[in-house]
Amino acid sequence: MRVAMIGLGKMGLNMARRLLRGGHEVVASARSASSVEAAVAEGALPSTSLSDAVRQLSAPRVVWLMIPAGEPVSAAVRELADLLAPGDVVVDGGNSRYTDAAPRAALLAEKGIRYADAGTSGGIWGLTVGYCLMVGGEPDTFSVIEPLLATLAPPGGYLRTGPHGAGHYVKMVHNGIEYGLMQAYAEGFDLLDAAPFPVDMSAVSALWNKGSVIRSWLLELAERALAEDPKLANLSPYVDDSGEGRWTVEQAIDSAVPLPVISAALFTRFASRRENPFGVRLLSALRNQFGGHAVKGR
């Protein structure tokens, strides 16, 4: 089938490539001309705007958004509401907040346009191994886009998880779990690095992936990173977050569901970005004040 892929960043461009290689036709659109050119080089049709992309589609038209969460998606949905026709489909495949899905779906539904929120996992490896797709929306909408899902995902790698918002809700929780898993590996390898004897951590990563309870794809990636740079000397201890970990913790608070591991993993990322934080200096000062313990000056 033919689909318009709007947004050709790290995920969107590779998704367009996978769809093209799977026999679909892709109308490619992005702010970056070089990204469009890269998609066109693989067989995509170029587009200069949303209206131009829609013009190149046939009913039922499917527009897949892979653009930043928040207002960029909202603006695109509002514009598409005036460009598309009843029966057409808008898919939000980015990391949008799940609470945004129902209002967007309602806005489009006023004009008979269908909407799906597709949580997408796979990162830069999705092109070769496929994407895990968690889809919220009506069953008939899911049926329209299923040929695309089947091409993007590995066998068994896509699922309608419920009504509007369910796809991005499941993806939000997925990302929270991801934070916790990465933090556990980071702490374990930190202790291995402090061992009283040399430890080949890349070799240990490979070992643990052979029948161990903690084997995983993340551990395979750890093995790869440690083989390239055993002490990770070329990296700074700064870890960003894309927002979904925050949403997971906020949802846990709203739902009164305890998430101590995921919350700690998120806060550790916050701590990684702070140089000489005031709170730690105060901790040192208090220890000195009540016990006369030595402090270190700058």
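This is a predicted model: local features need pLDDT of at least 70, side-chain atom pairs count only at pLDDT 80 or more; totals for chains, interfaces and linings use all residues.
**Salt bridges in close-up**

**View 1. Arginine 104 and aspartate 100 form a salt bridge.** Arginine 104 is buried, at a relative accessible area of 5% (buried means under 20%, exposed over 50%, partly exposed in between, with a 1.4 Å probe and protein chains only). Residues are numbered from 1 along each chain as its sequence is written, and side-chain values use heavy atoms, leaving out hydrogens and water.

**View 2. Glutamate 25 meets arginine 2 in a salt bridge.** Here N and O are 2.8 Å apart. The pair links distant parts of the chain, 23 residues apart: glutamate 25 sits in strand S2 (residues 25-29) and arginine 2 in strand S1 (residues 2-6). Strands are DSSP runs of E with at least two residues, helices are runs of H or I with at least four, and both are numbered from the N terminus. Glutamate 25 is partly exposed at 41%, and arginine 2 is partly exposed at 28%.

**View 3. Aspartate 82 pairs with lysine 111 in a salt bridge.** The closest N and O atoms are 2.6 Å apart. Aspartate 82 belongs to helix H4 (residues 71-83) and lysine 111 to the loop between helix H5 (101-109) and strand S6 (114-121), so the bridge ties together parts 29 residues apart in sequence. Aspartate 82 is exposed at 58%, whereas lysine 111 is partly exposed at 40%.

How values were computed
A salt bridge is a side-chain nitrogen of Lys or Arg within 4 Å of a carboxyl oxygen of Asp or Glu.
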